[in-house]
Amino acid sequence: MRTSLVVGTGLIGTSAALALSARGVRVHLSDRDHERVRTACSLGAGTDEEPGEPVDLAIVAVPPARIAGAVAGLQRRGLARGVIDVGSVKGTPRRELTELGGDLTTYLGSHPMAGRERNGPLAATADLFEGRPWVLTPTQQTDTEVLNQALELIALCGAVPVLMDADAHDRAVALVSHTPQLLSSLVAARLEAAADTAVRLCGQGIRDVTRIAGSDPGMWVDILSANPGPVADILAEVSADLDGTVRALRALESGDEAKQTAGAEGVADLLRRGNAGRVRVPGKHGQAPTAYEDVVVLISDRPGELARIFADAGAAGVNIEDVRIEHATGQQAGYVQLMVEPRAVRPLQTALRERGWSIRQQP
Ligand SMILES: NC(=O)c1ccc[n+]([C@@H]2O[C@H](COP(=O)([O-])OP(=O)(O)OC[C@H]3O[C@@H](n4cnc5c(N)ncnc54)[C@H](O)[C@@H]3O)[C@@H](O)[C@H]2O)c1
Ligand SMILES: O=C(O)C(=O)C[C@]1(C(=O)O)C=C[C@@H](O)C=C1
């Protein structure tokens, strides 16, 4: 791919543009909000000049309700040889494009399974898609050249292509993305009117569960409006589980021993099913999940501390697989949880202690 046009220079569009620019593709940027284009240009994502000739592949990264209009507009103006979108829902935009009389041979629906709870170009990173699944939904009509360009885009972004039917994709993301977003919001919503005395006890558990509750409501109303049925089906199943859990807890609360035993079994059953589901979540790069172990290090809230800890781990030859930060309430300090392969735990602990870090004893 030599040239590309990104329409919508928000989180996803700018991240793709940064990855392509870094690999030598000439990327043209556009957005209905020119300020966002200027920001993306200043980050090195591309140029705001209009392409002089049709680009190899245009990437439409606008909210789902605007995808079909943006794709049809590009096609009418002949700005690209092929167009893909990156929307979180695939069936509805395709149907809308059909209604608008768009060209379904040079359009290909896609969805990178990577994102953040923040939007806009300033949240973008060139490595956002590294190792993540990127769904493509070709049909028999899809032009082979457009499919090849999309596969090249995915390779340049370091992602892993997954080919799927659009409606099957929408049912899958209802389960793994859209319902989790609503459940995260439901948990976080309980905090809105909660007493400060309770909220200040928030630990890592609730931080993990509510991170995506910080997402943009406008974008998510758009996503859910384009996929309401599959999400409602899964939420109805969650709701049945919730009813069962409430009944089990009420039984535990009762003074009756037999009811308490049944209640404990009901709760244990749910927790066991949760364990069984959790181990199915793929690890980094889509491999089977790997069990990492934690090394928890105390850091002070000073600039450069995280960089120093990563450099020390690197010098010890240890690969950090994942990282979480736990801020200590009311202190200028926090804990960094470094997740590493079990065999790297000892060497990392030793190396960090030697360099003066304080390691939390594991239970
Ligand atoms: N945020 C995520 O985690 C995530 C992940 C994967 C895919 N997606 C999908 O990617 C798309 C973009 O999401 P985002 O998170 O980057 O949102 P964003 O709000 O960061 O960016 C969207 C951009 O589109 C622009 N825009 C809106 N309508 C436009 C139009 N008609 N023409 C030109 N520009 C227009 C907006 O000004 C904005 O800059 C959405 O379809 C979303 O479903 C999002
Ligand atoms: O990590 C996040 O913040 C996300 O929510 C990303 C996430 C997801 O559910 O995995 C959200 C919506 C997108 O369509 C794709 C990715």
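Reader: Which residues surround ligand 2?

Author: Near means that the C-beta atom, placed from the backbone, lies within 6 Å. This is a predicted model, where local features need pLDDT of at least 70, side-chain atom pairs count only at pLDDT 80 or more, and totals for chains, interfaces and linings use all residues. Residues are numbered from 1 along each chain as its sequence is written, while chains are lettered from A and ligands numbered from 1 in the order in which they are written. The residues around ligand 2 are Ser-88, Met-113, Ala-114, Gly-115, Arg-116, Glu-117, Ser-177 and Ile-212.

Reader: Okay, and which residues come nearest to ligand 1?

Author: Ligand 1 has 28 residues around it. The nearest of them are Gly-8, Gly-10, Ser-88, Gly-115 and Asn-119.

Reader: Which residues of helix H5 are buried?

Author: Helices here are DSSP runs (H or I, at least four residues), strands are too (E, at least two), and both are numbered from the N terminus. A residue is buried if 20 or more other C-beta atoms, placed from the backbone, lie within 10 Å of its own. In H5, that gives Val-146, Gln-149, Ala-150, Leu-153 and Ile-154.

Reader: Where do they sit around the helix?

Author: Take the directions from the helix axis to the C-beta atoms. Down the axis of H5, its buried residues fall within an arc of 140°, so they line one face of the helix.

Reader: What comes after H5?

Author: Look for a residue with a positive phi, near 75°. Following H5, that's Gly-158.

How values were computed: A residue is buried if 20 or more other C-beta atoms lie within 10 Å of its own, exposed if 12 or fewer, and partly exposed in between; C-beta atoms are placed from the backbone.
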